[in-house]
Amino acid sequence: MRRRIYIMDDRYSPEKVEPRWQEYWEKNHIFRASEDQSKKKYYLLEMFPYPSGKIHMGHVRNYTIGDVVARYKRMNGYNVLHPMGWDAFGMPAENAAIDNNTHPAAWTYDNINTMRNQLKKMGFSYDWEREIATCSPEYYRWEQWLFLKMLEKDMVYRKESYVNWCGHCQTVLANEQVEEDLCWRCGEMVQQKKLWQWFFRITDYAEDLLLHCDKLPGWPEKVTVMQKNWIGKSTGSEISFKIEGRQNDIAGEGCIKVFTTRPDTLFGATFMCLAPEHPLVESLSRGTDQEKAVAEFVEKISRQERSSSAIENYEKEGVFTGAWCINPANGRRMPIYTANFALMEYGTGAVMSVPAHDQRDFDFAKKYNLDIVVVIQPAGEVLDASTMAQAFSAPGVLVNSGQYNGMPNDKAMSQITDWLEREGLGKKTVSFRLRDWGISRQRYWGTPIPVIHCQSCGVVPVAESDLPIVLPEDAHLLENGGSPLPTLDFFKKTDCPKCGRGDAMRDTDTMDTFVESSWYFIRYCSPGCTSAMFDKEAVKYWMAVDQYIGGVEHAILHLLYSRYFMRVLNTLGLIDFKEPFTNLLTQGMVSKETLKCPEHGYLFPEEAQISEGKAACRKCGSEVEIGRVIKMSKSKKNVIDPNDLLNKYGADITRLFCLFAAPPEKGLEWNDDGVEGCYRFINRVWRLADRCIDITQGVVPYTGPLSELSDSDAKKLYTKAHQTIKKVTDDIEGSFHFNTAISAVMELVNAMYSMDFNTDQPDMPQMSPQIKSVAAFCIRNIILLLSPIVPHFAEEVWEYMGKFVVKGDSSQGTDIYKVQGADESQGENIDNSGELDKMNGIIGQLWPVYREDALVTDEILVVVQVNGKLRSKFSIDAQSSDDFIRQTALADEMVQKHIADQPVKKVIVVRKKLVNIVV
RNA sequence: GCCUGGGUGGCGGAACAGGUAGACGCAAGGGACUUAAAAUCCCUCGGAGCAUAGCUCUGUACGAGUUCAAUUCUCGUCCCAGGUACCA
């Protein structure tokens, strides 16, 4: 007579189970990582969050994906580093401080506490002992230290330049932080302002960053493509055009240098365009009839809105400067214009215009009635400048080009450049779109830039021994949003470290917060290191990050900056690698429709009553406009608070649901209809486990070869189980497609349910020992396969299954004692002497391995088509020959019916799968 | 405009070295159990038609093509999302 040792609850109750295991993991430091040379390391990292208040659905999705991989790798024997921290500097803290009359630090640390608790409730397997917050002096002192090192090596410099200025945030923005000429944070129109700024020479690494884009096989191609486009390398030539009437001074004011990617069209250049800010514009027009017109034009452009929506509507326009230059190829006099489409920031700020072969130049020439000269003829066609309707920019053969006539244009490209080089009129050159990274911010809540401005000595670096330059805490945020640092004399006024003058000034700017996130992953390797930025040995062991996971929205900025920073550290001899992230998974964004009430503006989903495609405001009853489905954002209020889901269903079901909804790289339109199904599935497994414990007590799980099983149901189930192990492993390993992995486990669960495991009769139907043994194997593997996804649930079931048991009152503690395996016939013998082992529980189990021999079935299903249409199917012995399968198919009744009397032209047999009969 | 991805049932999504389209789940409908409900279990479920244990036609954004066979490959068209843009 069987006796149950313990009875499982009716259902999985997260509120009871989840805290218990979380406590167990924490108490036993299960996820503490330490360097162990004897084990293969695996550094898994998810992009750390900005502590904005509460975690959101995007975090939950991101971190769930990461956690599953971390737990999976751990079960595969890796020594896993899985840290978490906070990207804690930034503007929202300042804004919140002003709004709530608090301090950015207080607000930030409050949020960190809230969010840490939320993450802990999700059961993520972080090594919390490595937690870092970038706003702590222990962290940013090393950023300041690196800044000084970079200053020493001239990798950072100061220049006065026009910067993007957001009037609302009172701060400078990097080019990358300007989205379509609007502030990326607040959406305010960006203006231009001239300030002294610190810049990182990222352009020194443009070539290297570009080159290695093709050496990142673990990155999604779309990300490397985006980075390549961002770096924007173009190869071409720099050509000098002499200015008519000036000294033949090639190097100086006597000529205009242009950058062109089409030196082959040089003979077709008929006019010149300079950017309105080009230094020559003013001097060229001075004293000519055009002087006034040019000055007005330049003035007008400088005032013009720079928003892209406005730019799109701008017509290409320009003004003749009154001066001429000479085409070095043919001596042609070319009028010099200043034009609104010429950009000072790109190339040399001057464009040689070839209207016949560039559409923009063509439009401009037509507008101002300028000469068009065809210099490239396509094969089998004759272009006529006077009748052309648009520019011709495809390959062809040169004409009107002196000695180069008849030459294919790609060949002419290098020949003309060579000639220019010989004449000293030009050279091969490369131009990048990427600009140096301006990092100065006129903000308070950031890393202070460690330099001092002395009236005698100029810019003087802070002494290394004076680091960190701590951000003063007793600062009051200014109402207008500006930084209080310049107003704090005790911070600002200091002695010059070089000459000792007492009236030196500290730099009151702080660094762009992207600087902190460019190296946090390396700090995680030795977060407590007080003697250096990082411990070299620890970094050597852990870096690079094996798998990085985060939102695709960081494809350019953060990822490019991080790659750049590793190059800087490499150049400084601090590390021996260049690429921080070996593999990258960019998860799709979580989106939802927006709701807008005419009375109350944007509404949170719970503020509206939605039925049958219409929505009404709960406050005023007005009809609510249901907007487009866009990325969840606080400002649009189309957000779902994960807490609701977490409170109702617990961590595991939330995790399961997030993964089951869609593959990770895909965008996810939020809809929680499916969550009930996940809840049902978990309880289905729960009951199945309970049943299996009952049925398989004292039964050893079968793990042998398939061929030693004789019971046909047992064989089928055994095969299914091994197929499931393979499928789940492949799905995780290959592409992180957890949705299909979960489906596969569901199938196995369904297969077991169809075998009477659910019948609740007091006397079980006589099950063969083989089935019982295979069932024991199945349930064990179901739990193992699900354990990275639903870890609390898995631990609980695993324990119940008799491998481990909690002794005594679990509310008093979670001491877990190893018991003699219940599957070894004496299930009831509890071994109280067992020492607590930190790898007890499912967390210490190895990932299941499938047997090749168990994957194949005895019988296979063959489908039969006639003329490509499905007409019949039959099962047949898997060993059957192709010929036998063909004969069987032809003999099939349904097939015969469709063949009728027609002669069979051809029979195609696809091995073990399909027969197609062509008549 | 350019560069990436995508368009498959009522819904989320499966299946692409070409080989049963719709796995798995949700929603829906029916049934069992129950005094009843919940929970659970079982069945049906792209569309249309018919002589309805079944069979036929049709169907993966649209139009062509290659092939014995196309959601999958090729060409063209139309939408959607993300990135990027006077870049010479």
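This is a predicted model: local features need pLDDT of at least 70, side-chain atom pairs count only at pLDDT 80 or more; totals for chains, interfaces and linings use all residues.

Let's start with one residue.

Where does Tyr 24 sit, and with which residue does it share its helix? Tyr 24 lies in helix α1, residues 14-27, together with Trp 21. The two are three residues apart, about one turn of the helix. In general, an α-helix has 3.6 residues a turn, so residues three or four places apart point the same way. Trp 21 is buried too, at 3% relative accessible area. How do the two rings meet? Their centres are 5.4 Å apart and their planes stand at 85°, so this is an edge-to-face pair.

Here is another aromatic pair. Phe 89 is in the loop between β3 and α3. Trp 445 is in the loop between β20, residues 440-441, and β21, residues 451-454. The pair therefore ties together parts that are 356 residues apart in sequence. Both residues are buried.

Ring pairs link its members, among them Phe 147, Trp 198, Tyr 205, Trp 437 and Phe 565. The count of aromatic pairs comes to 50.

Now the chain as a whole. Chain A has 919 residues, and 55% of them count as buried. Its secondary structure comes to 24 helices and 39 strands. Take the contacts with a separation of 6 or more: 71% of them come from residues 24 or more positions apart.

Next, one helix in detail. Helix α4 covers residues 104-121, which makes 18 residues. From first C-alpha to last, α4 reaches 26 Å, close to the 26 Å expected at 1.5 Å a residue. Which residues of α4 are buried? They include Trp 107, Asn 111, Ile 112, Met 115, Arg 116 and Leu 119. Seen down the axis of α4, the buried residues fall within an arc of 160°, so they line one face of the helix. What covers them? The cover includes helices α2, α3 and α17, and strands β3 and β4. Just after α4, Gly 123 takes a positive phi of about 75°.

On to the sheets. Look at β21 again. It belongs to an open sheet of four strands, in the order β22-β21-β24-β23, with antiparallel pairing. β22, residues 458-461, and β23, residues 493-494, stand at the edges. Each has a single partner strand, so one side of each is left without a neighbour in the sheet. Four bridges join β21 to β22. In one of these, Val 451 has Pro 461 of β22 as its bridge partner.

There is an open sheet towards the end of the numbering to look at as well. Its four strands run in the order β37-β36-β39-β38, and the pairing is mixed. β37, residues 869-877, and β38, residues 906-910, are the edge strands, each with a single partner, so one side of each has no neighbour in the sheet. From one strand to the next, the twist averages 20°. β38 pairs with β39, residues 914-918, in the antiparallel sense over five bridges. Val 909 has Val 915 of β39 as its bridge partner. Which helix packs on this sheet? Helix α23, residues 882-891, does, touching β36, β37, β38 and β39. The direction of α23 makes about 130° with that of β37.

Is Ser 431 buried or exposed? Ser 431 counts as buried, at 8% relative accessibility. Its place is in strand β18, residues 426-431. Beyond its sequence neighbours within four places, Ser 431 is in contact with Gly 232, Lys 233, Ser 234, Phe 259, Tyr 346 and Gly 347.

Asn 400 lies in the loop between β17 and α12. Asn 400 is partly exposed, with a relative accessible area of 49%. Leaving out residues up to four places away, Asn 400 touches Phe 267, Val 373, Val 374, Val 375 and Asn 405. Take Val 374: it is 26 residues from Asn 400 in sequence, and 7.2 Å away in space, C-alpha to C-alpha.

Key. Residues are numbered from 1 along each chain as its sequence is written. Chains are lettered from A and ligands numbered from 1 in the order in which they are written. Side-chain values use heavy atoms; hydrogens and water are left out. Two strands pair if DSSP finds at least two bridges between them. Axes are lines fitted to C-alpha atoms, for helices over the stretch in contact, and angles run from 0 to 180 degrees between N-to-C directions. Contact means heavy atoms within 4.5 Å. The expected span of a helix is 1.5 Å times one less than its number of residues. Buried means under 20% relative accessible area, exposed over 50%, partly exposed in between (1.4 Å probe, protein chains only). The arc is that of the directions from the helix axis to the C-beta atoms. Rings of Phe, Tyr and Trp (its six-membered ring) pair if their centres lie within 6.5 Å; planes under 30 degrees apart count as stacked, over 60 as edge-to-face and the rest as tilted.
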